[in-house]
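Keep the model open beside you while you read.

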Amino acid sequence: MSGTRDDDFAARAKNLGCAALVDALGRIHSHRAHILALTSPDPTRPLFGPAVTLAYMPCRDDLQQTGRGFADLFYEAVGQTPAGRVLVMSSGGYPDASHGGGTKLSRVANHGLAGVLAGGRLRDFQQLGEHGFATWCRGEATRWGGDTVMPYAANVAVEVEGVCVVPGDYVFADSAGAAVIPAGSLPRVLDEAARVDAEDTEAAAQIRSENLPR
């Protein structure tokens with residue numbers, strides 16, 4: 001999808017919000033596609049874009065010899081067209097461990113990604129908030145987590161909060177939660193979410209006209 005179309009889709013998604021998108025996904029797909037509310041350095045900044053993924057795993061000292069750390073896997077994940085992408089990082093089974101911080105994730109800003117969605121915690125919220133991209137995660141961490149989890153693979157299917165995220169899925173997150181939208185369903189989901197929004201507006205008008213029971 002072109003950058004212009006993605007900008008249009010982003011504007012529509014932000015206008016509709018997470019709840020309408022999740023309702024629409026439930027009408028179209030039977031699998032779980034919603035993530036409960038996450039934490040952000042700037043909760044007013046929604047996140048939208050196609051996913052690139054980093055799978056985290058519990059640390060093993062015998063695998064450190066591969067020498068493929070965060071930087072190598074990040075650049076493998078984003079490829080030659082990083083702008084507008086969403087970096088999705090799984091928790092590796094340790095959602096309360098730090099999976100990165102402001103320095104490591106400055107690469108997200110340097111290469112124009114839309115932002116980050118992490119199944120674990122992140123450090124340096126003030127620095128992340130100043131980078132200019134959207135960040136949503138399990139919460140802020142203070143302790144380094146590199147002895148607990150490690151980035152292991154790029155652009156594979158990952159699990160975040162019970163949801164399967166495949167590279168290329170569209171990710172939306174705001175203060176209500178997050179939705180993971182299959183790329184092939186995006187226009188249909190946005191159209192259905194607009195219908196959900198219109199139905200809610202109509203229902204609210206009907207409720208306002210209700211009278212107290214006699």
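Start with what covers the buried residues of helix H3: the list includes strand E2 (47-58), strand E3 (86-89), helix H4 (106-110) and strand E8 (149-154). Helices (H or I, at least four residues) and strands (E, at least two) are DSSP runs, numbered from the N terminus.

A word on ground rules: this is a predicted model, so local features need pLDDT of at least 70 and side-chain atom pairs count only at pLDDT 80 or more, while totals for chains, interfaces and linings use all residues. Residues are numbered from 1 along each chain as its sequence is written, and side-chain values use heavy atoms, with hydrogens and water left out.

The buried residues of H3 (residues 70-78) are Phe 70, Leu 73, Phe 74, Ala 77 and Val 78. They cover an arc of only 125° around the axis, which puts them on the same side of H3. Buried here means under 20% relative accessible area, exposed means over 50%, and partly exposed is in between (1.4 Å probe, protein chains only). The arc is taken from the directions that run from the helix axis to the C-beta atoms.

Helix H2 (residues 18-28) buries Cys 18, Ala 20, Leu 21, Ala 24, Leu 25 and Ile 28. Down the axis of H2, these fall within an arc of 160°, so they line one face of the helix. Turned away from that buried side, H2 carries the exposed residues Ala 19 and Gly 26. As background, an α-helix has 3.6 residues a turn, so residues three or four places apart point the same way.

**Salt bridges**

The whole structure holds 10 salt bridges, each a side-chain nitrogen of Lys or Arg within 4 Å of a carboxyl oxygen of Asp or Glu. Here are some of them:

| Pair | N to O distance |
|---|---|
| Arg 27 and Glu 199 | 2.7 Å |
| Asp 62 and Arg 60 | 2.6 Å |
| Asp 96 and Arg 138 | 4.0 Å |

The Asp 96 and Arg 138 salt bridge has one partner in the loop between E3 and H4 and the other in the loop between strand E6 (134-136) and strand E7 (140-141), so it ties together parts that are 42 residues apart in sequence. Asp 96 is exposed at 52% relative accessibility, whereas Arg 138, at 32%, is partly exposed. Salt bridges with shared partners also join Arg 27, Glu 192, Arg 195 and Glu 199 into one network.

**Nonpolar cores**

Which residues touch the most other members of the largest nonpolar core? They are Leu 54, Leu 87, Met 89, Leu 105, Val 116 and Leu 122, out of 23 residues. Such a core is a set of buried Ala, Val, Leu, Ile, Met, Phe, Trp, Tyr and Cys residues joined through side-chain atoms within 4.5 Å. Elements giving two or more residues to this core are E2, H3, E3, strand E4 (115-118), helix H5 (125-131) and E8. H3 gives the most, with five residues. Apart from this core lies another, of 21 residues, among them Ala 13, Leu 16, Ala 20 and Ala 33.

Definitions and conventions
Contact means heavy atoms within 4.5 Å.
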